[in-house]
Amino acid sequence: MEKLGMIENLQASYQGKRIFLTGHTGFKGSWMLQMLKELGAVVKGYSLAPDQDPSLFDLIQGEALCESVIADIRDRERLKKELVDFQPDFVFHMAAQALVIDSYREPVETYETNVLGTVNLLDAVRHLEKPCNVVVITTDKVYENKEVMRPYLESDELGGYDPYSNSKACAELATRSYRLSFFHPDQYTDHQKWVATVRSGNVIGGGDWSANRIVPDLARALRAGEPLQVRNPNAVRPWQHVLEPIGGYLLLGHYMATEGKAYADAFNFGPVEEDALTVGDLVKIALEAWGSGSFETPALKNQPHEAGLLMLDITKADKMLQWQPKFRSREAIRTTIEWYKEFEADPIATTRKQIRDYFGFS
Ligand SMILES: NC(=O)c1ccc[n+]([C@@H]2O[C@H](COP(=O)([O-])OP(=O)(O)OC[C@H]3O[C@@H](n4cnc5c(N)ncnc54)[C@H](O)[C@@H]3O)[C@@H](O)[C@H]2O)c1
């Protein structure tokens with residue numbers, strides 16, 4: 001039998017299927033929402049209202065792409081009702097307080113949203129009396145960062161220094177407990193749920209307007225014609241386009257639905273090792289793609305702790321899902337800058353085109 005490609009597998013698994021997506025108003029969630037629509041899925045989103053202006057969600061008219069519920073993940077009863085009423089085939093859980101810097105300012109809220117929010121979500125899934133595949137999105141920051149120059153494996157120790165990273169490691173542990181206690185893979189016929197976690201690193205892509213992230217800062221500076229302030233030009237970071245992990249999460253959902261047990265587990269989705277570049281290099285490639293602009297390095301003191309380079313070992317995703325990054329870092333940066341250059345004329349067309357080009361829709 002001829003082996004299907006990635007896009008054919010995704011279409012086969014998601015067309016006409018019901019997807020409950022938390023965090024659908026966020027940066028990654030909006031790309032996921034648009035992609036799910038391209039695949040012909042029926043989506044219900046559950047998140048707070050977008051808090052960026054302009055938000056990618058509003059730019060792509062996300063309200064029209066799904067049944068959009070604006071509510072708090074900490075509201076357990078509401079979440080349960082919305083999820084159970086919808087009877088999803090898949091759940092992708094992205095809702096989170098997603099910024100390290102905010103987690104230093106609001107640690108308790110970060111733990112409430114990221115840990116209890118995940119527990120609330122998994123508990124709601126317990127009340128679902130049908131087969132369902134659940135993907136909980138965490139981060140590469142869940143690993144205890146030993147500042148070693150070796151990529152981290154899914155079996156490595158969890159930890160996390162700042163409240164954001166640590167809350168996500170806690171979300172991993174809570175998911176593990178729910179999997180073992182209520183959705184044990186050996187008892188699938190009783191509960192009919194496969195539950196996985198996914199860990200990916202910082203992503204870049206059009207439509208991110210978060211404060212204190214390098215690409216949104218860069219986009220704002222370029223659009224305003226002002227020099228960009230670069231805090232750590234020599235810091236080496238892995239750069240990955242947002243569509244890379246989104247493809248990985250969807251592929252994992254596909255394999256859980258079709259193959260089951262072996263896939264109800266943790267998976268890393270990161271760039272290849274050679275794609276780690278300094279912040280300064282990223283800025284130079286971006287300025288080249290934009291065609292103008294400059295940057296400055298301000299003197300800073302009393303910065304909160306920032307973890308050093310952490311790379312992910314992606315052998316497992318490669319072997320089990322046949323997932324590999326499609327873009328090298330230069331292409332990821334260029335594609336991102338192109339979005340910021342082009343979106344104003346037609347944000348929906350710009351976003352859809354990037355998705356269709358990346359996944360190779362026919
Ligand atoms: N962007 C990255 O580089 C990156 C890297 C690794 C992991 N992640 C993870 O991916 C997911 C999405 O990240 P993002 O960059 O799109 O973040 P984002 O801040 O753009 O979006 C967060 C989403 O979560 C929702 N949310 C936050 N608090 C909520 C609450 N109390 N109740 C309901 N909804 C709530 C927001 O409304 C929004 O829809 C997060 O789980 C994040 O930790 C992101």
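Helices (H or I, at least four residues) and strands (E, at least two) are DSSP runs, numbered from the N terminus. The structure is a predicted model, in which local features need pLDDT of at least 70 and side-chain atom pairs count only at pLDDT 80 or more, whereas totals for chains, interfaces and linings use all residues. Residues are numbered from 1 along each chain as its sequence is written.

**Stop 1: helix 11**

Then extend the selection back over helix 11 itself, residues 279–290. Its 12 residues reach 16 Å from first C-alpha to last, close to the expected 16 Å; the expected span is 1.5 Å times one less than the number of residues.

Next, colour V279, L282, V283, I285 and A286, the buried residues of helix 11. A residue is buried if 20 or more other C-beta atoms lie within 10 Å of its own, exposed if 12 or fewer, and partly exposed in between, with C-beta atoms placed from the backbone. Viewed down the helix axis, the buried residues fall within an arc of 165 degrees, so they line one face of helix 11; the arc is that of the directions from the helix axis to the C-beta atoms. An α-helix has 3.6 residues a turn, so residues three or four places apart point the same way.

Partners of this buried set include helix 9 (214–224), strand 12 (276–278) and helix 13 (329–342).

**Stop 2: helix 9 against helix 11**

Axes here are lines fitted to C-alpha atoms, for helices over the stretch in contact, and angles run from 0 to 180 degrees between N-to-C directions. The crossing of helix 9 and helix 11 is right-handed, that is, the near helix is turned clockwise from the far one by less than a right angle. To display the meeting residues, select I214, L218 and L222 in helix 9 with V279, L282, V283, A286 and W290 in helix 11. Contact requires C-beta atoms, placed from the backbone, to lie within 7 Å.

**Stop 3: helix 13**

Move on to helix 13, whose end C-alpha atoms are 20 Å apart, in agreement with the 20 Å that its 14 residues should span. Among its buried residues are A332, I333, I337 and W339. The buried residues of helix 13 pack against several elements, including helix 9, helix 11 and helix 14.

**Stop 4: helix 2 and helix 14**

Select residues 27–38 and 347–359, which are helix 2 and helix 14; they pack at about 65 degrees with their axes 10 Å apart. The pair is therefore roughly perpendicular, the class for angles of 65 to 115 degrees. Q34, M35 and E38 of helix 2 make the contact with T351, R352, I355 and R356 of helix 14.

**Stop 5: H254**

H254 lies in helix 10 (residues 243–259). It counts as buried, with 22 C-beta neighbours inside 10 Å. Beyond its neighbours within four places in sequence, H254 is in contact with N9, L10 and S13.

**Stop 6**

Finish with the backbone. D53 and P54 are joined by a cis peptide bond, with omega about 0 degrees; P54 is in the loop between strand 2 (42–47) and helix 3 (56–59). Q61 has a positive phi near 55 degrees and is exposed, with 11 other C-beta atoms within 10 Å. Q192 has a positive phi near 60 degrees and is partly exposed, with 14 such atoms.

Definitions and conventions. Two residues are in contact if their C-beta atoms, placed from the backbone, lie within 7 Å. Angles under 35 degrees count as roughly parallel, over 145 as roughly antiparallel, 65 to 115 as roughly perpendicular and the rest as oblique.
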